[in-house]
Amino acid sequence: MASSICKRIPINPSPTTTTSRLPSSNRISLRPFHLVRQSNAPRSTAIRCSIRRPEYIPNHIPDPKYVRIFDTTLRDGEQSPGATMTTKEKLDIARQLARLGVDIIEAGFPASSDADFEGVKLIAREVGNADSDHVPVICGLARCNKRDIDKAWEAVKEAKKPRIHTFIATSEIHMEFKLKMSRQQVIEKATSMVAYARSLGCDDVEFSPEDAGRSDREFLYQILGEVIKAGATTLNIPDTVGYTLPTEFGQLIADLKANTPGIENVIISTHCQNDLGLSTANTLSGAHAGARQLEVTINGIGERAGNASLEEVVMALKCRGEQVLDGLYTGINTQHIVMASKMVEEYSGLRIQPHKAIVGANAFAHESGIHQDGMLKNKNTYEIISPEDIGLLRSNESGIVLGKLSGRHALKAKMLELGYDIDGKGLDDLFARFKGVAGNKKIITDDDLIALVSDEVFQPVVIWKVEDVQVTCGSLGLSTATVKLIDADGAEYISCSVGTGPVDAAYKAVDLVVKVPVRLLEYSMNAVTEGIDAIATTRVLIRGEDSVTATHALTGETVNRAFSGTGAAMDIVISSVRAYVGALNKLIGFNIRLETEDSGETKVLNACK
């Protein structure tokens, strides 16, 4: 049953486009939007999933009601501790963001490291030139200095629609203690660097006054007016430390709109951190006050407490935009939200809390008897949006119950129901793991399948594969472990070790084979379901002793990258070893790519597609 917020639109049998009803002299140039029929909707109606998208002009949006979605999952999101992603993972996420309909993808901070530079460049080349109806803007972040801006431009310039995003702090505390610069020096630095970015041939330049939420209003009016003169096309207003309340942030956007000279010739943007849990509210308040670009991340990941969540902001606009937000809308195809969320969760290793709005496991769960009674009578009694709106089918809606006799088609159909569109080798590998579990477990739950997907499909490029694990442990002596690993060439390696427990022994046996010294930072395990035969999921976080480093975008400090790994198995030791080897594969793959880049070769990047 469709939610009441999804607009039902009468359609004819064949057309899939619509045009504006404005008089021809005022008609806005619109791209076609696609109507996707819901399986249980009447034949004469369809659900509008991908809304019209105005022509892209860097400093102007032809439709004043349209809001651009700027996703910074691959830049700000990756600054979350332990969220380091490989180039392949970043490329996968960028492609999913393009399917989602994101207007701008901030692909990274190219000056941070050689790995980040190559990752942004690959995304610009592949996603920024995709053969599709919608090609997103590819953006690179840069501090206000020529080296950063040169790196950013070199990384994004191959995209059809490249953008440079440069920033400098404007609050008194940042200028005094971090920059050690006067107001006039900051203005001169900002204007000169915006002008420099434009001089490189980049027609789309975004400028951010860092910590705008705590900056002096009059100074903001002044510096923003000057960067507009210098050529900025988008002005992003960051609440860098999540300090403001929604009424304050909305007033800030309104004041800037009213008092900044030339601001009618640029796009106003928001970037709200979640330190007080108000990032989504502040973002929506900014949009209501006149911002027409909203910076967000999938699952709200990011620095400290994270950023405004794409799924929350987009669904709030879809749910209430026409009623209370003056008709604001986006070009997001919301039916791709679930897959994007799961992909980011798996690749970043950052688990979503069950009660997370829109994409949490409990977002569409109803346990209260009163609620269940209402849902049985009419789903709109307790659901303001439908799971189908975000690409999630209700549990067991297909009627498929999987067991040891189930085939590939049944597994694929069930995974689609859970929000995973898996095919090819990924489906083959998942099916093999599924059959192994189904032979030992009578009831295969949705959570079991999700754990297997995490362990089999969302894994880094395989450098080492776990083949066999055997342990002996107990209170009568030291624990021992024997591990068989297979390398990328198919060669087998067997090692044995002792330890304080079975996991410790197994990890030491792995170390004897892999020979990459690392430090285990975090280890956690959970049972996926109840019962003695539950699948165990393990997450580990490691850091190499010869650590991979990068430059932090805001502080300029050198940070040591950490790498996460996940594993799933009915045996807790095997689950633990899978997670550890997965994290090692990610770290080793990162180092191999860096060594390849240093030798002037980039073949490994293409091999990771």
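**Close-up views of a predicted model**

**Figure 1. Overall composition of the chain.** The secondary structure of the chain comprises 17 helices and 19 strands. The model shown here is predicted. Of the 609 residues in the chain, 55% count as buried. Among contacts in the chain with a separation of 6 or more, 67% are made by residues 24 or more positions apart.

**Figure 2. Packing of helix 7 with helix 8.** Helix 7 spans residues 246–259 and helix 8 spans residues 279–289; their axes lie 8 Å apart, at an angle of about 30 degrees. Because angles under 35 degrees count as roughly parallel, helix 7 is described as roughly parallel to helix 8. The crossing of helix 7 with helix 8 is right-handed.

**Figure 3. Residues at the contact of helix 7 with helix 8.** Helix 7 contributes Pro246, Phe249, Gly250, Ile253, Ala254 and Lys257, which meet Ala281, Asn282, Ser285, Gly286 and Ala289 of helix 8. The residues of this contact comprise 6 nonpolar, 4 polar and 1 charged.

**Figure 4. The largest nonpolar core.** This core holds 112 residues, of which Leu100, Ile138, Phe207, Leu235, Ile237, Leu411 and Phe434 touch the most other members. Helix 6 (residues 217–230) supplies the largest share of the core, with 8 residues. A second, separate core consists of 31 residues, including Val466, Val510, Tyr580 and Leu587.

**Figure 5. Surroundings of Ile237.** When neighbours within four places in sequence are left aside, Ile237 is in contact with Pro209, Ala212, Leu224, Phe249, Leu252, Ile253, Leu256, Ile268, Ser269, Thr270 and His271. Among these residues, Phe249 and Ile253 also belong to the set in helix 7 that meets helix 8.

Key: Residues are numbered from 1 along each chain as its sequence is written. This is a predicted model: local features need pLDDT of at least 70, side-chain atom pairs count only at pLDDT 80 or more; totals for chains, interfaces and linings use all residues. Side-chain values use heavy atoms; hydrogens and water are left out. Axes are lines fitted to C-alpha atoms, for helices over the stretch in contact, and angles run from 0 to 180 degrees between N-to-C directions. Helices (H or I, at least four residues) and strands (E, at least two) are DSSP runs, numbered from the N terminus. Angles under 35 degrees count as roughly parallel, over 145 as roughly antiparallel, 65 to 115 as roughly perpendicular and the rest as oblique. A crossing is left-handed if the near helix is turned anticlockwise from the far one by less than a right angle, and right-handed if clockwise. Contact means heavy atoms within 4.5 Å. Ala, Val, Leu, Ile, Met, Phe, Trp, Tyr, Cys and Pro count as nonpolar, Asp, Glu, Lys and Arg as charged, and the others, Gly among them, as polar. A nonpolar core is a set of buried Ala, Val, Leu, Ile, Met, Phe, Trp, Tyr and Cys residues joined through side-chain atoms within 4.5 Å. Buried means under 20% relative accessible area, exposed over 50%, partly exposed in between (1.4 Å probe, protein chains only).
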